[in-house]
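Subject: Structure to look at

Hi,

Here is the structure I said I would pass on.

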Amino acid sequence: MTEAILMEEVSMAPPSLGRWQTVRAQFFQNRTATFWTVLFGVSAAYSLFLLLDWSIFSAKWGPGTPAACADYSGACWAFIWEKWSVILLGSFPRDQMWRPFAGVGLVLAVLFLLARLRWPARLSTCLLIFAFAALFSLLDGRPLGLEQVNMVRWHGIAVVTFLGVFSLVAAFPLGILLALARVDGPPVLSWCAAGYIEVIRSIPLVMLLFFGIFVLPLLLPASMSYEPLLATLLALILFHAAYFAEGVRGGLQAVPDGQREAGESLGLGYVTVIRKIVLPQALSVSIPAMTNTIIGGLKDTSLVAIVGIFDLLATTRMAYSDPEWQRFAYEGLFVLGVLYLVVCTAISHHSRVMEQHVAGWLTIGK
Amino acid sequence: MTTSGESLAGRLRLLLVTRKARQNALQWLVLAVVGLLIVLGLANLMGNLNAKGSQLGFGFLLGESGFDVNESMIPYSAGNSYLRALLVGTLNTLHLAIVCVVLSTVIGVFVGLLRLSEIRVFAIACRLYVETMRNLPKLLILLAVYVFLVINLPLARDAVTVLDMVYLSNRGVNLPGLRLDIAQALTLRGGVLFVAGAALGVGVWRWARARTPSRVFACYLPAACLAVGWGLLSGFIVLEMPQFKGFNFTGGNLVSLPFLSLVISLSVYHGAQVAEVVRGGIQAVERGQVEAGKALGLTGGQISWLIVLPQALRVMIPPMTNQYVNILKNTSIGLAVGYSDLVSIMNTTINQTFRPVELMLVAMSVYLLIGVGASIGLNAFNRRMQLKVR
């Protein structure tokens, strides 16, 4: 009895606070904090009100002409209503509109499914190759016996998916190979990999895209047909591979030598040790770094607009370059910004899920 | 006795028996394939160039460029050479990069500190800012800023002005400028004033240096202000005000609209990333250091400036180097709003001369040189700042 009371008295756990007390301790602990909390709260509420007012209450909804929008102080969603197909598809033939939508939907479905399954290696490889083939056939049309749509007319979401997703997908294995060559390879190979990674990392992506547009056609045989979109895809792959390699290298260096030695003492060969023991741990450790590369890569896909490829940003610009609608650039950029915010936030969220998923069995850093 | 065929196969197998031998074989195989690709590419290049009747060479760089450049830090006209045009572009890139480095550092340090503030709303606001920037493409931010400025700024003749010194219009921002007047320094009065000023400066310099630990804020900054002030007083340096004449502003310095929008968007974009670096650096400083500062009775600001930041700086330098090189690279999006940076001038030159190989080589080397130079400089700084353990 006395013992129990004693135990209770010396308990070191902090007194549990109610919800209100927690809020008070964090936001209103003293006068300064209260002042800033109130000020911030009021200005945040006011900004939110302005945003809602602009985007919803005072906005022109539904179809309309630019002149009709002049009566509204808020956003002119008639612009989006009028131009949504230009923004999403650019000048892809309108009678074939279902094809980019089906292709992009399929790719997204595959990515979503693989994310739910936590990226099982073999299934991911197969499904991603299938998704690429399906997207290509749907957009191009010939493999499926449909009317051919020339690559220069692949615009908007088609280009963003084609370049953004598949440059990253292809760069990932290349990055792993580069990292292995740099960390583990024989000297000359290691220097070459290091040189490649460092050179690519110190020149801007825009330069590499120009390389794909201007120099690459000169390096190919004159008889070969040349597509700017494929050259851009190649430039993006080469670029992202260097960044993936840096991320994976960090992971490889975090795997203790003992792991590898344990594998070798079991009589496993080099490839098996790397595939089954080193890489799973190295890749798990480098999830945050790779997430940065993926989000950065997806965002940087918009830079292809600079070399004249019509991604979403370029088609949005195309939509608001229409002299009639010039004043409504903000509506287009706003929608695009929200789209990027949603997609990138989803990727960040998924990376945290994956981090928790691997934390269960990962021993490095514990 | 084995036949010669078997012994050859056996020998080949022996060659690959150790791991080292296998690795070597793989290495030479990979290098051979890469080398072959390079040779094939070069052969195609030569063939394609021959078919076009042109040849590799850098002689064309000295030819007359024939195009104008929106803004330049050195005198330049369409009659100058391509080489000079590329130099103009390089200087513009550097100018933009340096301004963005300074501004994003200021934003980043401020936001990074606030993010760890005990006042939770600051932390929440800063986190919101960092996350938004992380999830938006820089080109989108640039276009949004540019469109905003183009739509909202008035025409040059209706320019908004602050004290008749700064003019804001859709041409950009016109600021008062400082101009060096060499002729003044060559008169007797000028000479005497110059020597007196120099003597005064050295005196103040030595006085300040002996009394302060922080050289940047207590020494270099006041010294620069003093030099400019003395120059203005004695007439070596003339202050020029922008004036609206005819259709345009004359005098002073013009910050063009593309430059302004690039500075705003890149500083805000990279400020968020710098803030994350700063936060990481500060979190690496042990809590005991802050508590020790509190125990000594230092204020929050003093603890930040004198205890936390100097120690956090050591952790921050390598990732910060990375950030600065990124800023340099990202100035290349200037082409999208028509800023005459290196990439933009390279693009114009390629379109005029169709010499992509040479020009890309030049531009890539410039980026490599600046990037490597900045890395070497910051690495040296890093070595100097690291704690010397004796």
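Let's start where the two chains meet: the contact takes 45 residues from chain B and 44 residues from chain A. "In contact" here means that the C-beta atoms of two residues, placed from the backbone, lie within 7 Å. Before going on, keep in mind that this is a predicted model, in which local features need pLDDT of at least 70 and side-chain atom pairs count only at pLDDT 80 or more, while totals for chains, interfaces and linings use all residues. Residues are numbered from 1 along each chain as its sequence is written, and chains are lettered from A and ligands numbered from 1 in the order in which they are written.

**The chain B side of the contact**

Sorted by class, the chain B side has 29 nonpolar, 12 polar and four charged residues. For the classes, Ala, Val, Leu, Ile, Met, Phe, Trp, Tyr, Cys and Pro count as nonpolar, Asp, Glu, Lys and Arg as charged, and the others, Gly among them, as polar.

**Chain B as a whole**

Chain B has 13 helices and eight strands. Of its 390 residues, 27% count as buried. A residue is buried if 20 or more other C-beta atoms lie within 10 Å of its own, exposed if 12 or fewer, and partly exposed in between, with C-beta atoms placed from the backbone. If you take the contacts in chain B between residues at least 6 apart in sequence, 65% of them join residues at least 24 apart.

B:Phe354 deserves a click. It sits in the loop between H12 and H13 of chain B, and its phi is near 45°, a positive value in a residue other than glycine. B:Phe354 has 11 other C-beta atoms within 10 Å, so it is exposed.

**What UniProt says**

An unreviewed UniProt entry gives "transmembrane region" for residues 25–46, 94–116, 136–155, 182–205, 217–239, 251–272 and 359–381 of chain B. For chain A, the UniProt feature (also from an unreviewed entry) is at residues 33–52, 97–114, 121–139, 159–181, 202–220, 226–245 and 328–348. The positions are in the numbering used here, feature names are shortened, and annotations may be inferred rather than shown by experiment.

Here is how some of these spans look in the model:

- Chain B, residues 25–46: 100% helix and 0% strand, with the end C-alpha atoms 31 Å apart.
- Chain B, residues 94–116: 96% helix and 0% strand, with the end C-alpha atoms 33 Å apart.
- Chain A, residues 121–139: 100% helix and 0% strand, with the end C-alpha atoms 27 Å apart.
- Chain A, residues 328–348: 95% helix and 0% strand, with the end C-alpha atoms 31 Å apart.

**Helix packing in chain A**

H8 (residues 157–184) and H11 (residues 228–254) of chain A pack at about 45°, with their axes 5 Å apart. The contact of H8(A) with H11(A) has 19 nonpolar, five polar and two charged residues.

H11(A) also meets H13 (residues 270–285) of chain A, where the axes come within 7 Å and cross at roughly 120°. On the H11(A) side the contact is made by A:Val248, A:Gly251, A:Leu252 and A:Ala254, and on the H13(A) side by A:Val278, A:Ala282, A:Leu283 and A:Val285. These residues divide into seven nonpolar, one polar and no charged. Axes are lines fitted to C-alpha atoms, for helices over the stretch in contact, and angles run from 0 to 180 degrees between N-to-C directions.

**Two residues of chain A**

A:Arg118 lies in the loop between H6 (98–116) and H7 (121–140) of chain A. Its phi is near 60°, a positive value in a residue other than glycine. Why does A:Arg118 count as exposed? Because it has 12 C-beta neighbours inside 10 Å.

A:Ser351 is in helix H16 (residues 329–359) of chain A. With 17 other C-beta atoms within 10 Å, A:Ser351 is partly exposed. Not counting residues up to four places away in sequence, A:Ser351 touches A:Ile287, A:Pro288 and A:Thr291.

Cheers

Technical notes:
Helices (H or I, at least four residues) and strands (E, at least two) are DSSP runs, numbered from the N terminus.
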